[in-house]
Structures are given as structure tokens and as C-alpha cells.
Amino acid sequence: MHEETDLVVGGARRVGDRCIIPIIRAFTICMGGAATASLTPVALLVIEGGHEYLALLPGAPPKAAELIDTLRDEIEREKEKCAE
């Protein structure tokens, strides 16, 4: 059995003048020839004007803000998509 948990960046959505990017915990279990996945939102990154706000949701991992900083490249790509 193989288990893996990662934080991943979800697709950005424009809501009015804001861009909202979900941060998701992806938990997968592989056993034999089968696999299952669980996706749980843990944070929302809200970009408004030149400001970013991070809202941690219940169940966010300890040190979530530091972990989310490691996803900066993916976050920047989603911000660009949202600006189009």
C-alpha cells in the first residue's frame, strides 16, 4: 500500500474584481491495481488589486502558510489566467 498527501493549487476563478485560488489537499492511496483519491480544500488565496489574502479553512495542515509558499510558481500561473 502506498499513501501520499500533497497540497496542490486549484483553478483560479474571477469573482468581480477578485481572483480566488483554492489550495487543496490531495490524499491518494494505491493498493494493488486500485487507487483512490480524496480532495479537500484547505485554504483560499484571494487576490484583490495588488493585495493577497490567505484564508485558512478548518482542517488546514500545521504550517499551511509556509507550505503554500512552496507553491508560488503554480499560484503565479493561476493569477495570470485569472487576469486574462
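**View 1. C30, a cysteine that is partly exposed.** In this predicted model, C30 has a relative accessible area of 33%. That value lies between the 20% limit for buried and the 50% limit for exposed, so C30 is classed as partly exposed. Keep this residue in mind when you turn to the cysteines of the next view.

**View 2. The disulfide of C19 and C82.** The count of disulfides here comes to one, and its partners are C19 and C82, with sulfur atoms 2.5 Å apart. The pair joins distant parts of the chain: C19 sits in strand β3 (residues 18-31) and C82 in helix α2, 63 residues apart. The link is right-handed, with 125° about the S-S bond. As a reminder, a disulfide is a covalent bond between the sulfur atoms of two cysteines. Are C19 and C82 buried or exposed? C19 counts as buried because its relative accessibility is 4%, and C82 is buried as well, at 7%.

**View 3. Helix α2, from one end to the other.** Helix α2 covers residues 72-83, twelve residues in total. Which residues of α2 are buried? They are I75, E78 and C82. Looking down the axis of α2, you will find its buried residues within an arc of 65°, which means that they line one face of the helix. An α-helix has 3.6 residues a turn, so residues three or four places apart point the same way. On the other side of α2, the exposed residues are D73, E80, K81 and A83.

**View 4. E78 and its surroundings.** E78 belongs to helix α2. With a relative accessibility of 12%, E78 falls under the 20% cut-off and therefore counts as buried. Which residues does E78 touch, once neighbours within four places in sequence are set aside? Its contacts are V9, G10, G11, A12 and I21.

**View 5. L7 in strand β1.** Now move to strand β1 (residues 2-9), where L7 is found. L7 is buried, since its relative accessible area is 17%. Apart from neighbours within four places in sequence, L7 is in contact with I23, I24, R25, V42, P61, L67, I68 and L71. To follow one of these pairs, look at L7 and I23: they are 16 residues apart along the chain, and 6.7 Å separates their C-alpha atoms.

Note on methods: Residues numbered from 1 in each chain as written. Predicted model: local features only at pLDDT ≥ 70, side-chain atom pairs only at ≥ 80, totals over all residues. Heavy atoms only, no water. Helix = DSSP H or I, 4+ residues; strand = E, 2+ residues; numbered from the N terminus. Expected span 1.5 Å × (residues − 1). Buried < 20%, exposed > 50% of the residue type's maximum accessible area, 1.4 Å probe, protein only. Arc of directions from axis to C-beta. Disulfide = S-S within 2.5 Å. Contact = heavy atoms within 4.5 Å.
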